[in-house]
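Could you walk me through this structure, step by step? I am new to it and would like a friendly guide to read alongside the picture.

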Amino acid sequence: MSEYMADSSALETGSSHQRRAVPSACAEFQEFYRALEADNSISTEDMLELFRDLGVYGHLTEIFTVFSNLRDILEQVQRLPAWQPYLEPVKKWPRLLDWVLSRGDLLQQSSFRPSTALRNPLVHRCTTSHPLYTLLWTSTIPEQLLDFRLLQGHIVLSHLAKIRNHPDYAYNYRDREKAPYDKVLEGTYRCGLALREISLPESAIAPDVLRPERPPAVFAEQMYAIWEALQNYRKIEKNSPPGSEQSAGDEAVSDHVSERDHDLFTLLRRLDSSKIHNHLRAFCYDVAEAYDLRKRGFRLRGPGRSRERHTVHGYLPLIILQADEIVKADDDPAKRSIRWQRGGEVAHALGRGNAHARRIEEEFDIDSEENIGEEFVEADTDCSLQSQGVPSLLSLALRGKMHAEALQNQIFPWEYDLLTDSALHSLLLRMDGDFLEELEKSEENPSILAECIALLSILLWTGCGLKVARKARMVTSAEQIDLRVLSLREETGGATWLLRIPVPSHESAARHRISGCADVGEQILMLPDVAGASAYWRQLHQHYPAVSKESWFSRSVSRYQKVLQGYLRKVDPSGYLSLTKIEDYLWRRLASSGDLAEADMIVGKRHRLSQVRRFYTTLEISRLAQRYRTVVLQILLELEREPPNNAPALPSRGYIGAVYRPQLAAVRDVVARLQEELHSCQDHWRSIAAGDRGSDSTRLWRKHYNAYTLYSWVFFSYATAARASCRPFPQEGVEDLQEGFVVYSDKTTRDRSHVRLLWLPEELLSQLRGQKAFAWSVSESRATAEVLDQGGSSFLLMGKAAQPLCPKVLLPYLKEWFGHALPVNSHRRFCRSYLLELGCPIEVIDAFMGHWFTGESPWSRFSSQSAKAYVQQLRPYLTQMLAELGLVFVAPPTPAVLRNER
């Protein structure tokens, strides 16, 4: 239901209603500074220097997002060997950033609602007064995020190079609203304009076109040379005789611009005088100035010198709704037209991207796809169906869009788009012959068609997109992998593809291995090249040894797309063969015969149907590699093609996927210790019943009840995979259940489409009955009747008060028993992943987890799924899992003990 679009209200500078932000006068900074001084493990001077270098806004608005982005930037650039000489100014930053990001209690920010979004200082005043801080707040779509982060890294380093040579560099950050070097800030502001334009998915210039992986000084020099060549080209065009401009201009360009930048030069010529052209020129000149490369002045008038409001569009994740759908508030022609910006803001209120939604997602440990119009986020009256105008129209449009997508969510249309064996067989034969012809044409430089055929083979057998394949590089060890999403490592036993898999959703904050959880490491998947996908590429490298490994596939994506589309049309004039079908072929084969999340992890893509499933999935690298090998060998068998003789061995250790998947041994240990705690409490009650009644009986009562409730929650969570909520246990009917089914809702929409049936094993039913009896006895003696009305048996005792089992209440107990802060839905990661490893059918796992989209609901009225057949298939796998975890019924205190205590 959600897509990416540009926020039309984006950046408007020149506002006059922002608060002054001298850090020492800001309550947010004061609280942060007190905590900083109280912690001897971190240097106050180093932290203030970091704040001064970045120009952190005094109210610390969006500081968590800014620092998270900066941490990502540093991680990316530290992986590039050629960048290392430039990173001395930021060597202290990672430790400082980690400390700040670990103090979430100091970074609580009030969210900006749709009606107040334009009051966010990072949208207005900070664009000029704190340009680097605002620039680091900017992001883009996942497909181009790596290159975008590198561009931000270039600006950070150039900004530092300029301010550290400034005489006022060591100013007192705490007592100044903004830095005293206006010219430097103005240059960084201009860089921010360019990056915000580039951040748009539909921007004319994508980040990878600029090749930001180049070392900073090299990047600055070569980008500056492009603008010098553009100026020379214009002079030649103006002064050359008619008819000779092209040849003279091309000669001038070849003297200044490297061959790999010719496509960018041509693109900039076409965009001459456009807004993005001018902003990018300012960015390149400003970066060149930091490395003493700039020869002539360039001036872009800043917004502070004009009363005219300056608007630059930037990226925000919103829901696409066509502008012509929001014209009038209703059918009344007398009402004024609704601005498109307002429509975008209302869409934003549904929970994608605002600070409140992110807080809910982290607290309830859910994926962002589960948090669109769901019960997790408090209802927003602006988006109710009863309200008038744009909100009502938007709600209706989204509901219609959701139903229109129902058929797309079914798996059967996928087969229609799958390439046939005959078409694929013909293509592979044609590629073999055409590739040899291209090699014979030139002995010095490879043709673009030869590169395209090599890319086509990579696309087909790895399933990655063209943008990813174009960045593929040959490496000799895993340590050489930098930001490249795809690498090829040649070994004596064969070739291996190394694919970096992105971490799901907000788990990117977990940067180190967590004790008791699966070792996801660097999220690098190793796939044996069993189909010989790299054969063409390796032949190219052998045939043209003068071409370095870093120089392959250096042309622009659009250039390769054009050649590939033309080649496919030549092979198949009917148009049946398409680049999209080839890119999706492997993913579709994997998905049609297995799990969607597993298919996503193997090819490194994010399909909309698998996003939520991936959030809860962690699998062994060896399993994924074996799955890849099995499917590819099956394809080769169907095509009657022999696989290469030399194939490397499968990897033997490590995991890919969600970070917070508990290990079996860790969960089993917690279960055993909880059972031991409960048995210990029972022994204490026996001594009390025998007359040894001590003063600690009240404390023992509370301790016993809380341990029993926590054990019941662990049992219920791992046996049902129910999402964490404030009332997890079924509220009524547990005593009379015969078949073990209960209607349950841990997440729902207004149409109640996600209410589902839970099957409760007999041991769990006994545990829930014991939990309810224990809770009722506590409620009668110590708590209030209100607890039963609000949470049934789902509460813990905090002193004399009863607290519902909400995530915030539960988290400290999970940390105590598991030894670290484990998310409240970590059990869902374990259940889905472990059932997959046991071989449980995918449809059964999806029903068990509550994963489906409109149009495929297993518990809907017209579903063909049988509840009894579902239990028959689930029972052996679930029984085995619960037995290995050691989860069994533990009886509560006897009624006699409870009566004695009361």
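## A guided walk through the model

Let us begin with a pair of strands: β4, covering residues 486–491, and β5, covering residues 494–500, run antiparallel and are joined over 6 bridges. Within this pairing, Glu-490 sits opposite Ala-495 of β5. Please keep in mind along the way that this is a predicted model.

Take helix α18, made of residues 448–462, and its partner α20: they pack at an angle of about 145°, and their axes are 7 Å apart. On the α18 side, the residues that take part are Ala-450, Glu-451, Ile-453, Ala-454, Ser-457 and Ile-458, and they meet Tyr-536, Trp-537 and Leu-540 of α20. By class, this contact of α18 with α20 consists of 7 nonpolar residues, 1 polar and 1 charged.

Helix α20 also packs with α17, which spans residues 421–441; here the axes come within 12 Å and cross at roughly 10°. Why are α17 and α20 described as roughly parallel to each other? The crossing angle is roughly 10°, and angles under 35 degrees count as roughly parallel, so that is the term for α17 and α20. In this contact, Leu-428, Met-431, Asp-432, Phe-435 and Leu-439 from α17 meet Tyr-536, Gln-539, Leu-540 and His-543 from α20. The contact of α17 with α20 has 6 nonpolar, 2 polar and 1 charged residues.

Now let us look closely at one residue of α18. Ala-454 has its place in that helix. Is Ala-454 buried or exposed? Its relative accessible area is 0%, and because buried means under 20%, Ala-454 counts as buried. Leaving aside neighbours within four places in sequence, Ala-454 touches Tyr-536, Trp-537, Leu-540 and Phe-553. Ala-454 and Ala-469 are 15 residues apart along the chain, and their C-alpha atoms are separated by 9.8 Å.

One of those contacts, Trp-537, deserves a stop of its own. The largest nonpolar core has 148 residues, and Trp-461 and Trp-537 touch the most other members. Helix α27, residues 697–720, supplies the largest share of this core, with 12 residues. Apart from this core lies another one of 82 residues, including Val-56, Ile-63, Phe-148 and Ala-288. Beyond its neighbours within four places in sequence, Trp-537 is in contact with Ala-454, Ile-458, Ala-472, Arg-473, Met-474, Leu-488, Trp-497, Trp-552 and Phe-553.

Phe-553 lies in the loop between α20 (535–543) and α21 (557–571), and it is buried, with a relative accessible area of 0%. Its backbone is worth a look too. Most residues other than glycine have a negative phi. Phe-553 is not a glycine, yet its phi is positive, at about 55°.

Which other residue has a positive phi although it is not a glycine? The residue is Leu-60, with a phi of about 60°. Leu-60 is found in the loop between α2 and α3 and is buried, at 0% relative accessible area.

Our next stop is helix α4, residues 93–102, which is mostly covered, with 7 of its 10 residues buried. Those buried residues are Trp-93, Pro-94, Leu-96, Leu-97, Trp-99, Val-100 and Leu-101. They pack against α1 (27–38), α2 (44–54), α3 (63–78) and α7 (145–163).

We finish with Thr-618, which is in strand β7, residues 618–620. Thr-618 counts as buried because its relative accessibility is 0%. Leaving aside neighbours within four places in sequence, its contacts are Ala-518, Val-520, Tyr-655, Ile-656, Gly-657, Ala-658, Arg-661, Ser-833 and Glu-837.

Notes: Residues numbered from 1 in each chain as written. Predicted model: local features only at pLDDT ≥ 70, side-chain atom pairs only at ≥ 80, totals over all residues. Heavy atoms only, no water. Pairing = 2+ DSSP bridges. Helix = DSSP H or I, 4+ residues; strand = E, 2+ residues; numbered from the N terminus. Buried < 20%, exposed > 50% of the residue type's maximum accessible area, 1.4 Å probe, protein only. Contact = heavy atoms within 4.5 Å. Axes fitted to C-alpha atoms, helices over the stretch in contact; angles between N-to-C directions. Nonpolar A, V, L, I, M, F, W, Y, C, P; charged D, E, K, R; others polar. Core = buried A, V, L, I, M, F, W, Y, C linked by side-chain atoms within 4.5 Å. Parallel < 35°, antiparallel > 145°, perpendicular 65-115°, else oblique.
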